[in-house]
Amino acid sequence: MEEFISLGSVAPKASLYEGAEAVALLLCRECVPELAGTGLPKDLQAAVLYAVDKDVTVTDKGKVTELVLPRGDRFVRLVLAGAGKGRECTPTNLRRAAGNAVRVLVRHGVTNAIVAGPVLLHPARNHYLKAVVEGLLLGSYRFDKYKSDKKTPNPLSISIVNGVDGALGALSQGMITAYAIGHARDLANEPGNVINPEVLAEEAEEVAEKYGLDVEVLTEREMAQKGMNAILAVGAGSIHPPRLVTLTYRGAGDAPFLAFVGKGITFDSGGISLKPGVGMGEMKDDMSGAAAVLGAMQAIASLQMKVNVLGILACAENMPSGSAQRPGDIVTAANGKTIEVVNTDAEGRMVLADAVWYAGEKGATEVVDIATLTGAVIIALGEDISGIVANDDNLAMAVKLAGHRAGEEWWQLPLLENADELLASSCADYKNSAGRPAGTITGGAFIGHFVKPGLPWAHLDIGGTSTAKKTHGHLVEGCTAFGTATLIEYAKSRQVLP
């Protein structure tokens, strides 16, 4: 993620606006009468009031209005980014409004701008300020490293007008979170000929070195010694061998460990059960779960959270070849359970089977896995909400609430009583797919069978939210790194406080 935007926090006063090329106002309907509190000059206030009077939709969610106004011997660009009305004026919608506004500033080559909004004047709204910071940085995200005609954006200095207590802390937290999400997006956007299991493991080692994490990388030989035949079977068809990476962050002494486990399929062809060619290129993002875990570990370490966390990346490439696993194969996972492979395209749950088992072996007392596991979750929940399947309702609710605070929405699906029956195999302990009905639930239930008995566990399915088809708000077309912010916020909620 390029860092061409610098951010600062400033108290409201009229003199701030004198040298600014542009002013971006984040507005909800009720905010408009409070503009004077931001220090906005009266002529600019009058322009905003006139615009709102002529078009009441100016403050609607997602709406962006641009005005160019003369001021003495120059012009100033005024960007009005709507955040809704009433209860719609949330941190999530401020994050979206900031993302919409910053792209206007970048598109016009602005180098010096003020961002303000009356909602940021309240001393207790540091979570609103943090959201705005994230929106500005994530909304300006670009992945154009392979374009020969790419244009380097102008360096952009933004002063955020606010009256928040602890503003510098909120600014720092927002920047750390945004850069972690941006890093995860970068990894997931990389094509499969650049990112493979070995490269992803090397990336994790670089993060560990930079942020002071312990790291362990298991090779295929070491995984074989541990009986991790499920992940090995998935990677058997590729010239790039699988890797299992464990990052360890110790921020809370002898406190128990939380484990985040991410699916890291660097490219998913479906294997012998080959996917249709149309849209297969999107399967470069099948390592979004691992990218989210890596991004979260980066932020957790940067924020020096008082929590102990394991970040486990189950990395493999699912390819068809003479050495690939076949439908009908039976493999024995690391926990001793046997799996009938009925569909080689149900590979994510197999790499996670060994990985969640390993989390228990490493001492985790609760496990949260995250994966682009199923297309069925899109049918159930659409492309804006992700699914949760869990053996512990309290854990599922805690993750859901953390996601809501972070601007990512989740919905818990029931762990069906007959899931075991649906996954039953006539020749092994389980089959790796129960078919289309309740696919998200049975996929999650399969993973749950490999979690150490008695451990609270939640499975997060980001199959519908990992990629944005178009740019809107703080989400930019391409890989979104959905779930990264949720994991960061959940780890924050688990801190051991003095």
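Start by selecting residues 385-390, which make up strand 14, together with residues 409-412, which make up strand 15. These two strands run parallel, and 4 bridges join them. Keep in mind as you click around that this is a predicted model.

Zoom in on Ser386 now: standing opposite it in strand 15 is Trp410. How does the chain get from strand 14 to strand 15? Colour residues 393-406 and you'll see: the path goes through helix 11, and this β-α-β crossover is right-handed.

Next stop: Thr486. You'll find this residue in helix 14, which covers residues 484-493. Is Thr486 buried or exposed? Thr486 counts as buried, because its relative accessibility is 0% and the cut-off for buried is under 20%.

Now for the inside of the protein. In soluble globular proteins, nonpolar side chains tend to be buried together. Here the largest nonpolar core has 117 residues. Select Leu25, Ile158, Phe260 and Ile300, the members that touch the most others in this core. Then pick residues 167-189: this is helix 4, and it gives the most to the core, with 11 residues.

Stay with Leu25 for a moment. Setting aside neighbours within four places in sequence, Leu25 is in contact with Leu35, Leu40, Val48, Leu78, Val79, Leu80, Ala81 and Ala116.

Last stop: another core, of 48 residues, lies apart from the largest one. To find it, select Ile231, Ala259, Leu373 and Ile441, which are among its members.

Technical notes. Residues numbered from 1 in each chain as written. Predicted model: local features only at pLDDT ≥ 70, side-chain atom pairs only at ≥ 80, totals over all residues. Heavy atoms only, no water. Pairing = 2+ DSSP bridges. Right-handed = clockwise from strand over helix to strand, strands pointing away. Buried < 20%, exposed > 50% of the residue type's maximum accessible area, 1.4 Å probe, protein only. Core = buried A, V, L, I, M, F, W, Y, C linked by side-chain atoms within 4.5 Å. Contact = heavy atoms within 4.5 Å.
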